[in-house]
Amino acid sequence: MRLDEAARAWLGVPWRHLGRSREGLDCIGLVLVAARACGIEADDPAPYAREPSSQRLREEIAAALDPVPIAEARPGDVLVFNLGLYAGHIGIRAHHPGYRVPSVIHAYAPRRRVVEEPLASLDAGTLTGAYRVRIA
């Protein structure tokens, strides 16, 4: 199973900062629960502030996953988005089954829940990285 397939089971779950359960997830929590459903053990970087103030998120992802060019991201890859100057949001690249377009599954604070939406609907300037799970 890929991360995007596992993440779809969490669609509609409320957004909650530092959430790690069906009662609420944040973006990092969604990636962690999807990874665990795929049999991938991942370190939880919590606690962290709601607003990024450093490159810690990008550094932690880069230490655990392999970078890929954004244009080569495929379903199941982890996407990194900047919030202002710093990486502050992540999602899972997917392919929307209904719209049949590249999409992202993410626990997104402005939507207040886990959603899947076309990647093109997000501000393309904020997408700043793509990473793939390392194959052991």
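I take buried to mean under 20% relative accessible area, exposed over 50%, and partly exposed in between, with a 1.4 Å probe and protein chains only. The model is predicted; local features need pLDDT of at least 70, side-chain atom pairs count only at pLDDT 80 or more, and totals for chains, interfaces and linings use all residues. Residues are numbered from 1 along each chain as its sequence is written, and side-chain values use heavy atoms, with hydrogens and water left out.

**Entry 1: backbone**

I began with Leu 18, which at 33% relative accessibility counts as partly exposed. Leu 18 sits in the loop between α1 and β1 (20-21); helices (H or I, at least four residues) and strands (E, at least two) are DSSP runs, numbered from the N terminus. The phi of Leu 18 is positive, near 65°.

I then looked up the peptide bond from Ala 46 to Pro 47 and found it cis, with omega near 0°. Pro 47 belongs to the loop between α2 and α3. I noted both cases because most residues other than glycine have a negative phi, and most peptide bonds are trans.

I turned to β6, residues 102-108. Six of its seven residues are buried, so the strand is largely enclosed by the rest of the structure.

I looked up the pairing next, where two strands pair if DSSP finds at least two bridges between them. β5 (residues 86-95) pairs with β6 in the antiparallel sense over four bridges. Pro 102 in β6 is the bridge partner of His 95. The hairpin of β5 and β6 has six residues between the strands, and Arg 100 there takes a positive phi near 60°.

With β7 (residues 113-118), β6 also runs antiparallel, joined by six bridges. Tyr 108 stands opposite Arg 113 in β7. The hairpin of β6 and β7 has four residues between the strands. Arg 112 lies in that loop, and its phi is also positive, near 65°. With a relative accessible area of 47%, Arg 112 is partly exposed.

**Entry 2: His 106**

Which side chains make polar contacts with the side chain of His 106? I count a polar contact as a pair of N or O atoms within 3.5 Å; within protein, one must be able to donate a hydrogen and the other to accept it, and residues adjacent in sequence count only if both atoms are side-chain atoms. I found His 89 at 2.8 Å and Glu 117 at 2.7 Å.

His 106 is in strand β6 and counts as buried, at 1% relative accessibility. I also listed its contacts (heavy atoms within 4.5 Å). Leaving aside neighbours within four places in sequence, they include Leu 30, Ile 90, Gly 91, Val 114 and Leu 122.

**Entry 3: nonpolar cores**

A nonpolar core is a set of buried Ala, Val, Leu, Ile, Met, Phe, Trp, Tyr and Cys residues joined through side-chain atoms within 4.5 Å. The largest has 30 residues, of which Leu 25, Ile 28, Leu 30, Ile 61, Ile 90 and Val 114 touch the most other members. At least two residues of this core come from each of α1 (3-7), α2 (27-37), α3 (56-64), β4 (78-83), β5 and β6. α2 gives the largest share, eight residues.

Apart from this core I found another, of 11 residues, among them Leu 79, Val 115, Leu 119 and Leu 127.
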